[in-house]
Amino acid sequence: MKKSHLVLVMVLALSLLTMACATKSSNENASGSGKSQNVTVKIGIQGSGGLFGKAREEKWFEQEFEKTGAKVEWIEFQSGPPMTEAIASNKLDIASLGNMPIIAAQAANIPFKIVSQVLDGKNNVAIIVPAGSTAKSLSDLKGKKIAVTKGSNAYNFLYRGLEKSGLTDKDFEIIQLQPDETQSAFETGSVDAWATWDPYITLNTLTGKGKVLSDGEQLGVLSPSFTIAGSDFAEEHPELVTLYLKVVNKALKWESEHETEAIDRYAAERNVPASVISGTFERSRMINTPVNEDIVDEMQQTADFQYKVKNIRNQVVIKTITDNQYIDAALKDPLK
């Protein structure tokens, strides 16, 4: 065989091999016979109701993951810190939580990625005061009692807000309480202000028990929330992380198109008036978007502040754990 013919045969063989591989990969993704087969995706949620409660009832996640050969396991948590602990021990793959547990987890060298933003953080955390309070600013609360839950987004919000206002915790009496303890203290006047989050903000303002003194937008201190995925899981199964985000968008689309039904459903679950849920929708609604540079910068400021006040032992760089490839792919090719 002439040398030119031999080269042509080799090129044709290589082309056929490439086409075969491409076809195999395409078939695997479509049929679920690829690496997603028999994978159980462990999804963490806080509480059993809300948007994810609807998704679980309709089995939206189960139906989509089944097409790839993967299964879904739901795991309920009370707060964010146990979620990051579960990711550290490979007992959880994906979860949504606030900024403080995420920063603490990175400082503790837990391997994970931020894969999307789910709350913008402008109005979901605030300092509220009784309706009859004459306070107009944080300075007006000097010498007063402010209640807050340690380690929460509100805790970070309060302390960063004090710093921005040229104040310190020594100017106040900071009372560390859980939300259920704080409600009665707030109503009886045992505390003069409460750094908290929704639904407590809306519940108190709508019922005339309190009013907002400052929120994140007013103080310039955001409290965003995010979806995170364990690093090993995200690198081994990027298609499943993307699919998770696609189903979240499907659920959000339902909520947007059936808002009245959603409000009535969530109100019944929490045994609160529908107006409270409407209020939380107005203050802060769930999103599912890429994490932009401004939010990364805001998170970095929070992380640096927490290191300065010695709430975390190690300095962290937020941009090193932010990865928008999954949400970008989900938005580019949404579920039909």
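Modeller: Gladly! Let us begin with a term we will need: a residue is called buried when its relative accessible area is under 20%. Please keep in mind that this is a predicted model.

Biologist: Thanks. Are Trp60 and Trp254 buried or exposed?

Modeller: Both Trp60 and Trp254 are buried.

Biologist: How many aromatic pairs are there?

Modeller: Two rings count as a pair if their centres lie within 6.5 Å. By that rule there are 10 aromatic pairs. Take Trp60 and Trp254: the ring centres are 6.3 Å apart and the planes stand at 55 degrees, so this pair is tilted.

Biologist: Which parts does the pair of Trp60 and Trp254 tie together?

Modeller: Trp60 belongs to helix α3 (residues 60-66) and Trp254 to helix α11 (residues 238-257), so the pair links parts that are 194 residues apart in sequence.

Biologist: What kind of aromatic pair do Phe61 and Trp74 form?

Modeller: An angle over 60 degrees between the planes counts as edge-to-face. Phe61 and Trp74 form an edge-to-face pair, with 90 degrees between the planes and 5.3 Å from centre to centre. Phe61 sits in helix α3 and Trp74 in strand β2 (residues 71-77), so this pair ties together parts that are 13 residues apart in sequence. Phe61 is buried, with a relative accessible area of 1%, and Trp74 counts as buried at 16%. Phe61 and Trp74 also belong to one aromatic cluster with Phe52 and Tyr244.

Biologist: Now to the strands. In what order do the five strands of the open sheet stand?

Modeller: The order is β2-β1-β3-β10-β4, and the pairing is mixed. At the edges are β2 and β4 (112-119); each has a single partner strand, so one side of each is left without a neighbour in the sheet. On average, neighbouring strands of this sheet are turned by 25 degrees against each other, direction ignored.

Biologist: In which sense do β4 and β10 pair?

Modeller: β4 and strand β10 (residues 225-230) pair in the antiparallel sense, over six bridges.

Biologist: Why is strand β8 described as largely enclosed?

Modeller: Four of the five residues of β8 (residues 193-197) are buried, so the rest of the structure largely encloses this strand. Strand β5 (residues 125-130) pairs with β8 in the antiparallel sense over four bridges, and Ile128 stands opposite Trp194 in β8. Strand β6 (residues 145-148) runs parallel to β8, joined by two bridges, with Ile146 opposite Ala193 in β8.

Biologist: Which strand gives the largest share of the lining of the largest pocket?

Modeller: That is β3, with four residues. Among the other elements that each supply at least two residues of this lining are β1 (40-46), α2 (50-58) and α12 (259-270).

Biologist: And how do the lining residues divide into nonpolar, polar and charged?

Modeller: The lining of the largest pocket has 21 nonpolar, 20 polar and six charged residues.

Notes:
Residues are numbered from 1 along each chain as its sequence is written. This is a predicted model: local features need pLDDT of at least 70, side-chain atom pairs count only at pLDDT 80 or more; totals for chains, interfaces and linings use all residues. Side-chain values use heavy atoms; hydrogens and water are left out. Rings of Phe, Tyr and Trp (its six-membered ring) pair if their centres lie within 6.5 Å; planes under 30 degrees apart count as stacked, over 60 as edge-to-face and the rest as tilted. Buried means under 20% relative accessible area, exposed over 50%, partly exposed in between (1.4 Å probe, protein chains only). Two strands pair if DSSP finds at least two bridges between them. Axes are lines fitted to C-alpha atoms, for helices over the stretch in contact, and angles run from 0 to 180 degrees between N-to-C directions. Ala, Val, Leu, Ile, Met, Phe, Trp, Tyr, Cys and Pro count as nonpolar, Asp, Glu, Lys and Arg as charged, and the others, Gly among them, as polar.
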